[in-house]
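I opened a notebook page for this structure.

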Amino acid sequence: MAIGKYSRVDGRKSTNYCSTSTIVVFVSLCMVGVWMLMPSSVDPVQNTDLSSQHSNTDLPSQDSKTDIKEKVDDKFSTESEDSSGGQAEDATKEVSKPIISKAESNSEVKESEISSNNVVETQEEKVVEENSGGISNGEEDSKEEAEGDGDGEPKEDNRNSENEESNSEGKESNLSTETNENAESENKKSEGESDPNEASDSPQTEISVEEPKLMADEKAHVEISAGNQSEILKETTTGSGAWSTQAAESESEKKTEMSKLPKDASDYKWKVCNVTAGPDYIPCLDNLRAIKKLPQWDHYQHRERHCPDKAPTCLVSLPEGYRQSIKWPKSREQIWYNNVPHTKLAEVKGHQNWVKVTGDHLTFPGGGTQFIRGALHYIDFIQQSLPDIAWGKRSRVILDVGCGVASLGGYLFERDVLAMSFAPKDEHEAQVQFALERGIPAISAVMGTKRLPFPSKVFDVVHCARCRVPWHIEGGKLLLELNRVLRPGGYFVWSATPVYRKDTENAGIWKAMSELTKSMCWDLVKISRDKLNSVGAAIYRKPITNDCYEQRSQSEPPLCNEADEPDAVWNVPLQACMHKVPENVAERGNQWPEQWPQRLEKAPSWLSSSAVGVYGKAAPEDFAADDEHWKRVVSASYLAGLGINWSSVRNVMDMKAVYGGFAAALKDVKVWVMNVVPITSSDTLPIIYERGLFGMYHDWCESFSTYPRTYDLVHADHLFSDLRKRCKLEGVIAEVDRILRPKGILIVRDDAETITEIENMSKSLQWKIQFTYSKDNQGLLCVQKSLWRPTEVERISSAIA
């Protein structure tokens, strides 16, 4: 047994030559005496000094803790020779022992619960806070200053340490040893090893180091003991909740964590959509419940998007007798009837050579209302009327309004021109579906009450051939929307009866149209007649300066407010105003792009080096790096390494296009790419158009404005990991299944966790896993859709007539 220099309460030193048994008895008596006389024996100056050092630091670092320990060691090392060893021990322990009443303890429990509900912390963060030994810095209440941890929880382990020390016989009475014991006790606490029940069996009277005079009578001792019990209960209650499971800490956190766990393929249960539209279901265009509630339809509101509150997770059925689509370019002339089994358009437009029914096929002679003799002749007629149009050179990307079956766009491919064709889902049933089944770009949209989903100043040419749009009414609001998307210096080709017929109705429309275009500062460049088709066309040019706007005698239509953002389009109402033409050479739209194909590879002139690109480099460098990246990926991996039969691929969608690098890398493949820029991504769509490519904005938490089974390949680069923060991936994958053709390909690049989730969903859909690879938490997945449809049915009440 180690022999220490223990002092009696009266200060007289004991002999060093006593027997062991005598020392044991004597020390025991001393401890009882210390317990009874401690209020008068504690040195308040020393204790207050020490506590003040702690109260000045909220979260002391390891260095500050060491400094405090060294100062205390120096101060008390000599005094322990002349003072009671028990006194030194108590003084040290009381620094970290909180003294609180029962009421204060209950109040702290509530505050702790509120804090745990508002701030979700990891276990690691809590351990770090526990080990940091933060001190509460409240100054008004001396009891709050004496409390131990900065998080408001008292340190139960110091009481455990004191119990162990009161029953020991030969411990050293220096502060260094005491500090080490406290540190070990805190470590035990962090590991959940404290035993509050054991501590409550033998409670020790604790002394306030701040106000010892308040505890001089028996009442103070009772309050302190009650406070100790309250602290023990508090530690037991909150400790169990915090250290056992996530559910005890926060039920909401548990649900969040559970939702993050990847599902197995067997966890997904798919059903077939039971809807009035059947195999042609477009959720945001077939929301019949919402359409019925519309107060008016006079501006084609019923043809606009009305998405259901919750994205469907059911699968669209297949038409009976569906077959794999005919390959391009043969598909331009004929498709399988069973794939798009609609005959009404053939009945009403067959005489104009739109579409005909021929046995098992629907055939497309290449005609249209204004070009019955064929689209190629009509395309050449426009070029001859105005050579400056220069198809495939100056004019690369055009917008075809009211496209019908999009034969114009189908034949413009032969002139190296991309046409974004659109028409509503109306009584001309499935006209856009015909176009996509043929391998021609098209979307379902309408000139109604909202802006089109395209940026401003991006189309080289806008075309309308008997598109049935009343351009001249309501201040020209619809024509002003075309003015927004038309590039300065771009052409509007209007082939319609008012151009060449002189009856009263057409003459009136021509007069109104002439006045409107003049007030918009459009130049009427050419009026030509096509004798073969017995039609005519008027070609207008948008101004490249603001001179005409400033010289108008009347400001009608008015110029848009400077605060109006012309590129803000998602669910933005149409406005009857015009935006000024950019006059600064550094602004987009001030200069015409390079001719095709040079514009594909060159960064836009307005892409400033001072601007930071999507990937963090200077914008032109970012553009170039992205272009090189996709060239490598497509050539080394996509075209050769994923087992894709590219001869069967025609319609391609990039669900998250950035600079259009993926589409540009496919330039020499006979495909076209719909570049989609999500509304939550950086607005790089103008750059894509500047390259001679096209695309649109979209929110992938909603359905896309296309028919089912219209794309051969869908590409998603780090999209799904972003979407899962906003909407359920089951709904997004159900949408991918809807727009992807059977035997179509989905390529996903994303983090490993998301790849695993998409792969499991693909397996549950009975898709073929062609390729999967993960490394450094990044993955690549390539899957092929099958013909499988579930047997169970889900009724979508919003889509039932």
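This is a predicted model: local features need pLDDT of at least 70, side-chain atom pairs count only at pLDDT 80 or more; totals for chains, interfaces and linings use all residues.

**Entry 1: a negative patch.** I applied the cut-off to Glu550. Its relative accessible area is 56%, so Glu550 is exposed. Glu550 sits in helix H23, residues 547-551. Asp547, Glu550, Glu583 and Glu587 form a negative surface patch.

**Entry 2: the whole chain.** I counted secondary structure next. There are 30 helices and 19 strands in the chain. The chain has 801 residues, and 53% of them count as buried. I computed an accessible surface of about 36,600 Å² for the chain. Carbon and sulfur atoms hold 50% of that surface.

**Entry 3: backbone checks.** I keep the background in mind: most residues other than glycine have a negative phi, and most peptide bonds are trans. I listed the exceptions I looked up.

- Trp328 and Pro329 are joined by a cis peptide bond, with omega about 10°. Pro329 is in the loop between helix H15 (288-292) and strand E2 (334-336).
- Trp596 and Pro597 are joined by a cis peptide bond, with omega about 5°. Pro597 is in the loop between H23 and helix H24 (598-601).
- Ala390 is not a glycine, yet its phi is positive, about 45°. Ala390 belongs to the loop between helix H17 (375-385) and strand E5 (397-401).
- Arg466 has a positive phi near 50° and is not a glycine either. Arg466 is in the loop between strand E8 (459-465) and helix H20 (477-485). With 34% relative accessibility, Arg466 is partly exposed.

**Entry 4: salt bridges.** Side chains of opposite charge can pair when their charged atoms come close. How many salt bridges does the structure hold? I get 30. One group is a network that links Glu601, Asp627, Glu628, Lys631 and Arg691 through salt bridges. I also looked up Asp668 and Lys667. Their side chains meet in a salt bridge at 3.0 Å, N to O. Asp668 is exposed, at 67% relative accessible area. Lys667 is partly exposed, at 40% relative accessibility.

**Entry 5: helix H29.** Is helix H29 (residues 729-739) enclosed or open, and why? I checked burial residue by residue. Of its 11 residues, 11 are buried, so helix H29 is largely enclosed by the rest of the structure.

Glu730 first. The side chains of Glu730 and Lys263 form a salt bridge at 3.1 Å, N to O. Glu730 is in helix H29, while Lys263 is in the loop between helix H14 (251-260) and strand E1 (272-274), so the pair ties together parts that are 467 residues apart in sequence. Glu730 counts as buried at 17% relative accessibility. Lys263 counts as partly exposed at 35%.

Asp737 next. The side chains of Arg789 and Asp737 meet in a salt bridge at 2.9 Å, N to O. This pair links distant parts of the chain, 52 residues apart. Arg789 is in the loop between strand E18 (778-784) and strand E19 (793-795), and Asp737 is in helix H29. Are Arg789 and Asp737 buried or exposed? Arg789 is buried, with a relative accessible area of 16%. Asp737 is buried as well, with a relative accessible area of 1%.

Conventions:
Residues are numbered from 1 along each chain as its sequence is written. Side-chain values use heavy atoms; hydrogens and water are left out. Buried means under 20% relative accessible area, exposed over 50%, partly exposed in between (1.4 Å probe, protein chains only). Helices (H or I, at least four residues) and strands (E, at least two) are DSSP runs, numbered from the N terminus. Patches are made of residues with over 30% relative accessible area and no salt bridge: like charges are joined within 9 Å, nonpolar side chains (Val, Leu, Ile, Met, Phe, Trp, Tyr) within 5 Å. Accessible areas come from the Shrake-Rupley method with a 1.4 Å probe; for residues, only the protein chains shown count as cover. A salt bridge is a side-chain nitrogen of Lys or Arg within 4 Å of a carboxyl oxygen of Asp or Glu. Lys and Arg count as positive and Asp and Glu as negative; His and the chain ends are not counted. The place of a charge is taken as NZ of Lys, CZ of Arg, CG of Asp or CD of Glu.
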